[in-house]
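This report walks through one protein model, from single contacts to the whole chain. The sequence and the structure come first.

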Amino acid sequence: MIESIFSSKINFILWHQLTISIQKFEILPSAASFLIPLYENFISDFVKKLNQLSLVQFAVRASRQFKEPQDSLAFLDKLAESLANTEDTEEAYVLASMEAAHYNLLTGNVENCKKKIDECAKILEKLPQTEPIINASFYRVSANFYKAKALYPQYYHNALLFLSSVNLEELLEDDKLERAYDLALSALLGEGLYNFGELGTPYEWLRNLLFVFNSGNMDTFEKISKSGDFLQQPLLFNSLAFLRQKLCLMTLVETVFKRSKEQRGRILFSEVSKECRVQSDEVEHLVMKALSIGLVRGKINEVDSMIEIDITWVQPRVLDKTQIQTINNKLSEWALKVNEKVVSLEMEEGAQDLFVQ
């Protein structure tokens, strides 16, 4: 009995040491061309003995050495199949499946890519916790799928989750640049995305455009939308009507944001029409849209034959320095009013005391 336990322990240590040795070898730049032969002629004989997640990580690296993506796909699909339907290998299965889904996307098999994403999403929902590398793979491939389908909100969501799952310093500069660009475009073109201050991009004109939307700046938008950089982007140019509608909503939010609590309680339709540069008969639709998607909360009233808006809440968002200064001014005004009220109350109490005496 003791000999059996001791032998098992020794075997575990030896397999662990072999796994570490393989991991050290696979990251060597000169090892790339040897990864597939090493897997097929050596590792494949004892795959069940190795840590399954480490095994898949090696296989993913090896799959990049095939010249044709179809061969990479077949290689990873075979590995994923061997890991299926076993609780102990669920994480490894998800990693192998998602990396195979990456090659599904590259070979144009979008349907199979989506099937793998949906299947792996269900598995991940059941797992109490997962390794960051699993999350990174899932969100990276999912984001690429939604990018290919031009589903901007879904791409935006998954791309941000991918970035939260990796060490940004390990990403290549070109990859960082591409992701920043794609995130900025998806924020502008995505239905339901109205918080722009959390993004940044090294493209100066695109960065300025994000700030324009975050502050609802109509004049600057008109300038940028006529610039060469903007006109060279078919996705943006062909979505100009949608962008204008989105900017009108952000201008409405900014209009409300700049007002005091008292002023928010009575905003005339004519004021909204002027600020947002829409026709009078379009104001109600604009306000109803903002209310329905949760950008603001409030109601539309009709008082003395005048239609007005009573706004009680504005959606939180990332603020720029100008907007922060607006809050600072409001706090200063509020502090002044409180101080005046305190002084007034103290004077009233003093007068009452004098009267009693």
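In this predicted model, a polar atom of the T255 side chain lies 2.7 Å from the backbone oxygen of T251. T255 is found in helix 14, which covers residues 240-257. The residue is buried: the relative accessible area of T255 is 6%, under the 20% that sets the limit for buried residues.

The loop between helix 14 and helix 15 (261-264) holds R259. R259 counts as buried, at 16% relative accessibility. In sequence, R259 and T326 are 67 residues apart, and their C-alpha atoms are 9.2 Å apart in space.

**Salt bridges**

Side chains of opposite charge can pair when their charged atoms come close. The structure holds 14 salt bridges.

| Salt bridge | Closest N and O atoms |
|---|---|
| K115 and E111 | 3.7 Å |
| D182 and K147 | 2.8 Å |
| D175 and R179 | 3.3 Å |

K115 and E111 both belong to helix 6 (residues 110-126), where they are 4 residues apart, about one turn of the helix. E111 is exposed, with a relative accessible area of 54%.

Is D182 buried or exposed? D182 is buried, its relative accessible area being 13%. K147 counts as partly exposed, at 39% relative accessibility. D182 and K147 also belong to a network of salt bridges that includes E178.

D175 and R179 lie in helix 9, and because they are 4 residues apart there, about one helical turn separates them. D175 counts as partly exposed at 22% relative accessibility, while R179 is buried with a relative accessible area of 10%.

E99 is found in helix 5. This glutamate is buried, with a relative accessible area of 8%. Leaving aside residues up to four places away in sequence, E99 touches V60, L76, S137 and R140.

**Nonpolar core**

The largest nonpolar core has 94 residues, and those that touch the most other members are L188, L209, F213 and L236. Helix 5, made of residues 90-106, gives the most to this core, with 10 residues.

Which residues does F213 touch, not counting those up to four places away in sequence? They are L188, F196, F221, L243, K246, L247 and M250. L188, like F213, is one of the core members with the most contacts to other members.

F213 and L209 are also among the buried residues of helix 10. Helix 10 runs over residues 204-215 and has 12 residues. At 1.5 Å a residue, helix 10 should span 16 Å, and its end C-alpha atoms are 17 Å apart, so the two values agree. G216 follows helix 10 and has a positive phi, near 65°.

**The chain as a whole**

The protein contains 18 helices and 3 strands. Of its 357 residues, 39% are buried. Taking contacts between residues at least 6 apart in sequence, 59% join residues at least 24 apart.

**Confidence**

The average pLDDT of the protein is 85, and 87% of the residues score at least 70. Where does pLDDT stay under 50? This holds over residues 1-9, for which the model has 0 contacts beyond four places in sequence.

Methods
Residues are numbered from 1 along each chain as its sequence is written. This is a predicted model: local features need pLDDT of at least 70, side-chain atom pairs count only at pLDDT 80 or more; totals for chains, interfaces and linings use all residues. Side-chain values use heavy atoms; hydrogens and water are left out. A nonpolar core is a set of buried Ala, Val, Leu, Ile, Met, Phe, Trp, Tyr and Cys residues joined through side-chain atoms within 4.5 Å. Buried means under 20% relative accessible area, exposed over 50%, partly exposed in between (1.4 Å probe, protein chains only). Helices (H or I, at least four residues) and strands (E, at least two) are DSSP runs, numbered from the N terminus. Contact means heavy atoms within 4.5 Å. A polar contact is a pair of N or O atoms within 3.5 Å; within protein, one must be able to donate a hydrogen and the other to accept it, and residues adjacent in sequence count only if both atoms are side-chain atoms. pLDDT is the predictor's confidence in each residue, from 0 to 100. A salt bridge is a side-chain nitrogen of Lys or Arg within 4 Å of a carboxyl oxygen of Asp or Glu. The expected span of a helix is 1.5 Å times one less than its number of residues.
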